[in-house]
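Welcome! Have a look at the structure below, then work through the exercises one step at a time.

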Amino acid sequence: FTGTMTSKNAADTNNGGNGISLGGIAGTLAFNAESCTNSGAITLHGLFNNGGSNTSATALGTTYPSVGGCIGYAGTKSESIYDCVNEGKIDADIYGANSNGSTSCVAGVIGHSMSAVLVVNKCVNNGQVTAKSQTKAFHCAGVMAYQKGEIKESVNNASVTGEHDVMNNTAGASACTFNIGGIVGYNCLNV
């Protein structure tokens with residue numbers, strides 16, 4: 001992908017929805033990816049509560065709004081993401097007053113995956129990652145923000161800036177989680 005991908009004032013109001021996933025190659029990846037490159041800039045500016053006026057509305061991405069230079073979300077059947085490169089700038093601002101209970105993931109290559117068998121191997125991020133979130137949990141990284149599987153021989157060559165604005169989160173600052181990393185924000189298994 002080359003060019004610019006922008007999603008502004010996005011809102012997922014489906015009850016129980018899986019959120020919004022943006023990626024230069026795939027928003028949601030069902031299986032595997034190999035040798036893909038994103039050169040385009042990706043921007044997500046998401047607003048909770050349909051503009052902030054209805055605090056009972058379902059928040060943007062009731063589970064994981066995810067942004068990745070190549071892949072936003074890798075599904076539970078994904079086993080391999082190999083030799084994928086992001087060259088594009090990633091900019092995300094996920095905000096709104098009713099963000100209690102939600103999690104956001106922003107990264108240079110892959111935003112988020114729940115696959116315990118996924119192996120991310122030889123992936124590279126060369127694009128600047130800038131992200132701000134008001135969700136209860138926020139993960140931000142150069143290669144992958146949230147990963148349950150394994151990461152091998154992957155490199156981040158760009159700056160990663162994350163800001164977790166918990167002052168507007170209805171859960172309160174002490175209940176919030178923020179993970180930021182050059183390679184991975186949060187990993188359950190092996191790096």
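**Exercise 1.** Find the order of the four strands in the open sheet, and say which are the edge strands.

*Solution.* Step 1: the order is E4-E9-E14-E19, and the pairing is parallel. Strands (E, at least two residues) are DSSP runs numbered from the N terminus, and two of them pair if DSSP finds at least two bridges between them. Step 2: strand E4 (33-34) and E19 each pair on one side only, which makes them the edge strands. Step 3: look at E4 beside strand E9 (residues 80-82); they pair in the parallel sense over two bridges. Here Ala-33 stands opposite Ile-81 in E9.

A word on the model before going on: it is predicted, with local features needing pLDDT of at least 70 and side-chain atom pairs counting only at pLDDT 80 or more, while totals for chains, interfaces and linings use all residues. Residues are numbered from 1 along each chain as its sequence is written, and side-chain values use heavy atoms, leaving out hydrogens and water.

**Exercise 2.** Which residues touch the most other members of the largest nonpolar core?

*Solution.* Step 1: recall that such a core is a set of buried Ala, Val, Leu, Ile, Met, Phe, Trp, Tyr and Cys residues joined through side-chain atoms within 4.5 Å. Buried means under 20% relative accessible area, exposed over 50%, and partly exposed in between (1.4 Å probe, protein chains only). Step 2: among the 17 residues of this core, the answer is Ile-81, Cys-84 and Val-120. Step 3: a separate second core has 13 residues, including Ile-42, Leu-44, Ile-90 and Ala-131.

**Exercise 3.** Find the salt bridge, and explain which parts it ties together.

*Solution.* Step 1: a salt bridge needs a side-chain nitrogen of Lys or Arg within 4 Å of a carboxyl oxygen of Asp or Glu. Step 2: searching the whole structure gives one, between the side chains of Lys-122 and Glu-153 (3.8 Å, N to O). Step 3: Lys-122 is in the loop between strand E14 (119-121) and strand E15 (124-125), and Glu-153 in the loop between strand E19 (150-152) and strand E20 (155-156), so the pair links parts 31 residues apart in sequence. Step 4: Lys-122 is partly exposed at 36% relative accessibility, whereas Glu-153 is exposed at 58%.

**Exercise 4.** How many disulfides does the structure hold?

*Solution.* Step 1: a disulfide is a pair of cysteine sulfur atoms within 2.5 Å. Step 2: the count is zero. Step 3: for Cys-123, the closest cysteine sulfur is in Cys-84, 4.8 Å away and therefore too far for a bond. Cys-123 is buried, at 0% relative accessibility.
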